[in-house]
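Subject: Structure for you to look at, with notes

Dear colleague,

I am handing over the structure that we talked about, and my notes on it follow directly below. Please read them with the structure open beside you.

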Amino acid sequence: MSLSALARQSGIGKGTVSELENGLRGARLDTLFALSTALEVPLGALIPDRAGEAPAAVSGASVSAIPLGTWTGDAGMIEAYRATISPQRQHSSAHQAGVEETVTVIRGRVHAGTEGDERDLGPGQSIRYPGDLPHTFAAVDDDAEVLLLMHYPHP
């Protein structure tokens with residue numbers, strides 16, 4: 001895919017895509033999701049794997065996530081992230097078709113789900129929703145910690 005086509009399909013500026021490609025700037029979580037959706041690849045495909053180093057966090061408006069691992073099974077692939085969510089609302093655009101997300105609260109309270117169908121969750125509670133629809137996250141009071149699972153169907 002050309003740089004221009006990727007910029008157009010992802011909605012990310014051509015200059016930004018070029019700087020990311022050349023390692024001249026870091027990407028926010030929302031930028032990585034826009035690019036992974038346009039490329040039809042899992043988010044983890046765009047996060048550098050530095051052998052022997054702890055995984056780096058990727059951050060968005062209110063979410064900072066650390067990759068924990070990837071597993072493939074009969075239903076597709078699952079990427080796991082431990083994330084900290086702030087009270088600032090994070091609006092996430094729809095990901096590629098068939099993607100689902102599961103949020104399980106570890107600490108604090110979280111308001112999450114597809115836009116118009118969000119739920120309040122406390123420690124130990126989970127929600128699974130279509131990630132291929134616009135969705136939101138926000139901690140209810142103070143920062144909260146969650147386990148985020150990204151479910152990708154087989155291609």
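The buried residues of helix H1 pack against helix H2 (14-21) and helix H3 (29-39), where a contact means heavy atoms within 4.5 Å. H1 itself spans residues 3-10, and its buried residues are Ala-5, Leu-6, Ala-7 and Ser-10; buried stands for under 20% relative accessible area, exposed for over 50%, and partly exposed for what lies in between, with a 1.4 Å probe and protein chains only. After H1 comes Gly-11, which has a positive phi near 75°.

Before going further, please keep in mind that this is a predicted model, in which local features need pLDDT of at least 70 and side-chain atom pairs count only at pLDDT 80 or more, whereas totals for chains, interfaces and linings use all residues. Residues are numbered from 1 along each chain as its sequence is written, and side-chain values use heavy atoms, with hydrogens and water left out.

As to the overall architecture, the protein chain holds three helices and 10 strands, which from the N terminus run in the order α-α-α-β-β-β-β-β-β-β-β-β-β; helices (H or I, at least four residues) and strands (E, at least two) are DSSP runs, numbered from the N terminus. The radius of gyration of the protein chain is 15 Å, which agrees with the value near 15 Å that a compact globule of 155 residues would have, the radius being taken over C-alpha atoms and the globule rule being 2.2 Å times the number of residues to the power 0.38. Along the principal axes, the C-alpha atoms fill a box of roughly 45 × 40 × 35 Å. Of the 155 residues, 39% are buried, and among contacts with a separation of 6 or more, 62% are between residues 24 or more positions apart.

Turning to charge, the protein chain carries 11 positive and 19 negative side chains, with Lys and Arg counted as positive, Asp and Glu as negative, and His and the chain ends not counted. There are six salt bridges, each defined as a side-chain nitrogen of Lys or Arg within 4 Å of a carboxyl oxygen of Asp or Glu.

One of them joins Arg-82 and Glu-145, whose closest N and O atoms are 2.5 Å apart. Arg-82 lies in strand E3 (residues 76-85) and Glu-145 in strand E10 (residues 144-152), so this pair ties together parts that are 63 residues apart in sequence. Arg-82 counts as partly exposed at 38% relative accessibility, whereas Glu-145 is buried, with a relative accessible area of 17%.

Glu-145 also forms a salt bridge with Arg-107, at 3.0 Å between the closest N and O atoms.

Elsewhere, the side chains of Glu-100 and Arg-128 meet in a salt bridge of 2.6 Å, N to O. Glu-100 lies in strand E5 (residues 100-107) and Arg-128 in strand E8 (residues 126-130), so the pair ties together parts that are 28 residues apart in sequence. Glu-100 is partly exposed, with a relative accessible area of 31%.

Note on methods
The place of a charge is taken as NZ of Lys, CZ of Arg, CG of Asp or CD of Glu.
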